[in-house]
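Visitor: I am new here. Please show me the structure, and then I will ask about it piece by piece.

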Amino acid sequence: MNIPDTARAQAQDLLDFIDASPSPWHAVATCEARLQAAGFSRLEEVDRWSLQPGGRHYVVRGGSAIVAFTVGRAPLAERGLVIVGAHTDSPGLRIKPKPADEASGLVRLGVEVYGGPILATFADRDLGLAGRVAVRSGNGVELRLVHLDEPLLRLPNLAIHMNREVNENGLKFNKQTELPLLLGIADGEPADRRFRTPLAERLGVDADALLTWELAACDTQKGSFWGVDREFIANGQLDNLASCHAALGALLATPEPEATCVVALFDHEEVGSESAVGAGGSLVGDLLARLAASQHLDAEDQKRMLARSFFVSADMAHAWHPNFPAAYEPCHRVLVNAGPVIKSNANQRYCTDAASAARFIGFCERAGVPCQQYAHRTDLGCGSTIGPIVAARLGIPAVDVGSPMWAMHSVRESAGVLDHAYMTAALGAAFHG
Ligand SMILES: [Zn+2]
């Protein structure tokens, strides 16, 4: 299979983006660095804003959600907005507030299961730690990102001699008793101190200065290309950092749009989106209100603005797996490296309708990329996305799309090199209207 150099480079950039983003807080910081390098300026929610056509800005909420936008040349009430949404969070294991305990001289860290990971994939991996820590500094508190990017933690399997049925019954863990991660030998120290020491050393502070944290166990293996022509990629968090990266890339490649273009990257999609930083919160609505105020739109013009807007919910799609043909709807097999996928569900687990799907097909045609359509098996429960949530809150037409991938919610997922370039191009066409 021929992979153009440009597609290879985009996929490599995606792998680097993910390697630098082991937690939602890191993902936002990685986006912020790229936006700043492209000349976007940071706005604070506590300030008054001055927004002009051509202005390129971003807002961060809660450290784990970010909205970036370019104010279009056309008035909002006449042209509306094009919004692409995705999510910064991924399912996995999160460290508890008081995680450390000792069992027969071994220190373990208690974890909560965040969202719906494939737990078995976390066994026998070289796990690090990533997230943010509240550190006492002077009279105040500072939130610091931390990434322990070396094998620190492990969930060793039970030997097959003690789990004889594992290949017949699958690898199962009791979430409370069998998921704590091994950290080390207690060595005569309190378990809590053993946990704090590597964090404090990395942050260059005293162990007692660590007040609270939000930390995820993260895989330390870097992203890779695989396949006979290296036509596939593997990494953690392709769901949904691949969509974040494609959306951001499309926005950066659209410097002077006619319509106002927005990329909204939310946290908490994997746990239902109902939070201040989730798609169920006010983040995008608040941005739209401030944009409308900047152009002095009255109530009626605000509704006209919304009625002319379009929302693209970008989240990954389930690629056909040849070993498990029975898991798929036979007429809706979507293939890796065969283009963006439009996802439809009559029960509105996805927000796509005929009009929005047709519009997205048009974006793909203009971008010169292929396009596929997906529906879940009727006898299987269908997952959902931020699409229906944002569409319902804003009342605007919307479509659910995504790049095909394998092993969604595994600690190591895989996808196609070409698909990432295709999706970035299709989203770019959406921003061009
Ligand atoms: Zn997702």
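This is a predicted model: local features need pLDDT of at least 70, side-chain atom pairs count only at pLDDT 80 or more; totals for chains, interfaces and linings use all residues.

Visitor: In what sense do β5 and β6 pair, and over how many bridges?
Guide: Strands of a sheet pair through backbone hydrogen bonds, in either a parallel or an antiparallel way. Isoleucine 95 has valine 111 of β6 standing opposite. The pairing of β5 with β6 is antiparallel, and the count of bridges is eight.

Visitor: Let us step back. How many helices and strands are in the protein?
Guide: The protein has 433 residues. Its C-alpha atoms fill a box of roughly 70 × 60 × 40 Å along the principal axes. Helices number 11, and strands number 20.

Visitor: What radius of gyration does the protein have, and what would a compact globule have?
Guide: A compact globule with 433 residues would come out near 22 Å. The protein agrees with that, because its own radius of gyration is 22 Å.

Visitor: What percentage of the residues is buried?
Guide: A residue is buried when its relative accessible area is under 20%. Take contacts between residues at least 6 apart in sequence: 77% of them join residues at least 24 apart. Of the 433 residues, the buried share is 54%.

Visitor: What share of the accessible surface belongs to carbon and sulfur atoms?
Guide: The accessible surface of the protein is about 18,500 Å². The part from carbon and sulfur atoms is 51%.

Visitor: How far apart are the mean positions of the positive and negative charges?
Guide: The protein has 38 positive charges and 50 negative ones. Take the mean position of each set. The distance between the two is 2 Å.

Visitor: Why is helix α10 largely enclosed, and which of its residues are buried?
Guide: Helix α10 spans residues 387-394 and has eight residues. Six of them are buried, so the rest of the structure largely encloses the helix. The cover includes β4, β13, α7, α8, β14 and β18. The buried residues are Gly387, Pro388, Ile389, Val390, Ala391 and Leu394.

Visitor: Which residue just after α10 takes a positive phi?
Guide: Look just past the end of the helix. Phi there is about 70°. The residue is glycine 395.

Visitor: Is serine 403 buried or exposed?
Guide: Serine 403 sits in the loop between β18 and β19. Setting aside residues up to four places away in sequence, it touches Asp315, Met316, Ala317, Asp419 and Met423. Its relative accessibility is 7%, so serine 403 counts as buried.

Visitor: How far apart in space are aspartate 315 and aspartate 400?
Guide: Aspartate 315 lies in the loop between β14 and β15. Its relative accessible area is 5%, so aspartate 315 is buried. Beyond four places in sequence, its contacts include His87, Lys343 and Ser403. Aspartate 400 is 85 residues away in sequence, but the C-alpha to C-alpha distance is 7.4 Å.

Visitor: Which are the edge strands of the open sheet of five strands?
Guide: The order is β11-β12-β20-β19-β15, with mixed pairing. Each edge strand pairs on one side only. The edge strands are β11 and β15.

Visitor: In β20, which residue is the bridge partner of tryptophan 406?
Guide: Strand β20 covers residues 413-416. It runs antiparallel to β19, and two bridges join them. The partner of tryptophan 406 is serine 414.

Visitor: Is aspartate 187 buried or exposed?
Guide: Aspartate 187 is in the loop between β9 and α5. Its phi is positive, near 60°, and it is not a glycine. With 62% relative accessibility, aspartate 187 counts as exposed.

Visitor: What is the relative accessible area of histidine 268?
Guide: Histidine 268 lies in the loop between β13 and α7. Its phi is also positive, near 65°. Histidine 268 is partly exposed, because its relative accessible area is 23%.

Key: Residues are numbered from 1 along each chain as its sequence is written. Side-chain values use heavy atoms; hydrogens and water are left out. Two strands pair if DSSP finds at least two bridges between them. Helices (H or I, at least four residues) and strands (E, at least two) are DSSP runs, numbered from the N terminus. The radius of gyration is taken over C-alpha atoms; the globule rule is 2.2 Å times the number of residues to the power 0.38. Buried means under 20% relative accessible area, exposed over 50%, partly exposed in between (1.4 Å probe, protein chains only). Contact means heavy atoms within 4.5 Å. Accessible areas come from the Shrake-Rupley method with a 1.4 Å probe; for residues, only the protein chains shown count as cover. Lys and Arg count as positive and Asp and Glu as negative; His and the chain ends are not counted. The place of a charge is taken as NZ of Lys, CZ of Arg, CG of Asp or CD of Glu.
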